Amino acid sequence: MRFVSTIALAAVALTSSTVSAFVSPSSSIIKASTSTHLKMSEVVQPDVSAYMSGARAEGTENYIMQQTMIRVKDPKASLDFYCNVLGFKLIMYREFPQWEFNVYFVAPVDASTIPDDEDARWTMCMNTPGCLELTWNYGSEKEEGLVYNTGNADSTGTSDGAKVKGGFGHIGITVPNVYRACERFKEMGVEFHKSPNGGGMKGLAFIKDPDGYLVEVLPQASMAVEAIDCMGVEAEGGAGYKDNSK
């Protein structure tokens, strides 16, 4: 299981409500569609091809995208989710009682690779791409309900109760088979934001962690679509792409 970042297809409006995400209109993976035509946005798309070629910027050759940090209400609940549900391991943690917070770094690694020595764990953590840093501020676990705004049209933490058009969207994992993974998640009582066949983008899912943060579930290979998913949703149909920030 690998921890990845993903890019939403915010610039594409789907004329067919059942077109699979992240595939070209000519792909044979589009199975449940009665029409495979895409209606492209009128926005002029930037040319980003130059960013895919050439050497890395001088002086950055050894830089690593090492972590994303999210604040969590209850560290035990979050560690249960990320370690027992998603299969991550706690690589390293630090406690700062003088400042009333702790940090926990988790990543999809084998427990046998985690050193016993504290300094060695630090070195491993700082050289492991894609860690998730869970930050717990003391006392948050005693608050009622959700504590932190997830960035997705969320009113949590706002003074007027209005929903925030946040910038943060989700983290993401890839799995060998999205449908089998989601069957397991359902059996474990995980909350779904979108099952694999929900909406218009087929073959991917969104689940929620204990704080309501979204976790996208994508396949490690092609976007295969199955007729019925773990929630009993059929592949045929769906409302198309939805911008979760609004």
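Modeller: The protein chain has an accessible surface of about 13,900 Å², and 53% of this belongs to carbon and sulfur atoms. Areas come from the Shrake-Rupley method with a 1.4 Å probe, and for residues only the protein chains shown count as cover. The model is predicted, so local features need pLDDT of at least 70 and side-chain atom pairs pLDDT 80 or more, while totals for chains, interfaces and linings use all residues. Residues are numbered from 1 along each chain as its sequence is written, and side-chain values use heavy atoms, with hydrogens and water left out.

Of the 246 residues in the protein chain, 41% count as buried (under 20% relative accessible area; exposed is over 50%, partly exposed in between; 1.4 Å probe, protein chains only). The secondary structure comprises 3 helices and 13 strands, taken as DSSP runs numbered from the N terminus (helices H or I, at least four residues; strands E, at least two). Among contacts (heavy atoms within 4.5 Å) with a separation of 6 or more, 65% join residues 24 or more positions apart.

Now the core itself. A nonpolar core is a set of buried Ala, Val, Leu, Ile, Met, Phe, Trp, Tyr and Cys residues joined through side-chain atoms within 4.5 Å. The largest has 34 residues, of which Tyr 82, Leu 86, Leu 134, Phe 185 and Ile 207 touch the most other members. At least two residues of this core come from each of β4 (67–72), α1 (75–85), β6 (101–107), β7 (131–137), β10 (171–175), α3 (178–187), β12 (205–208) and β13 (214–219). Beyond four places in sequence, Leu 134 touches residues including Ile 70, Val 72, Leu 79, Tyr 82, Val 103 and Val 106. A second, separate core of 10 residues includes Met 92, Val 103, Ala 107 and Met 124.

α3 shows how a helix contributes. Its buried residues are Val 178, Tyr 179, Ala 181, Cys 182 and Phe 185. Viewed down the axis of α3, they fall within an arc of 160°, so they line one face of the helix; the arc is that of the directions from the helix axis to the C-beta atoms. An α-helix has 3.6 residues a turn, so residues three or four places apart point the same way. The buried residues of α3 pack against α1, β10, β11 (191–194), β12 and β13. At the start of α3, a side-chain oxygen of Asn 177 comes to within 2.9 Å of the backbone nitrogen of Tyr 179. Gly 189 follows α3 and has a positive phi, near 80°.

Met 92, listed in the second core, has Phe 105 in β6 as its bridge partner. β5 (89–96) and β6 pair in the antiparallel sense over 7 bridges (strands pair if DSSP finds at least two bridges between them). The two strands form a hairpin with 4 residues between them, and Glu 100 in the turn has a positive phi of about 60°. Glu 100 is partly exposed, at 49% relative accessible area.

Ala 153 also has a positive phi, about 50°, although it is not a glycine. Ala 153 lies in β8 (residues 152–154) and counts as buried at 15% relative accessibility. In the loop between β7 and β8 lies Thr 150, which is buried at 7% relative accessible area. Leaving aside neighbours within four places in sequence, Thr 150 is in contact with Phe 168, Asp 211, Gly 212 and Tyr 213.

Notes. A polar contact is a pair of N or O atoms within 3.5 Å; within protein, one must be able to donate a hydrogen and the other to accept it, and residues adjacent in sequence count only if both atoms are side-chain atoms.
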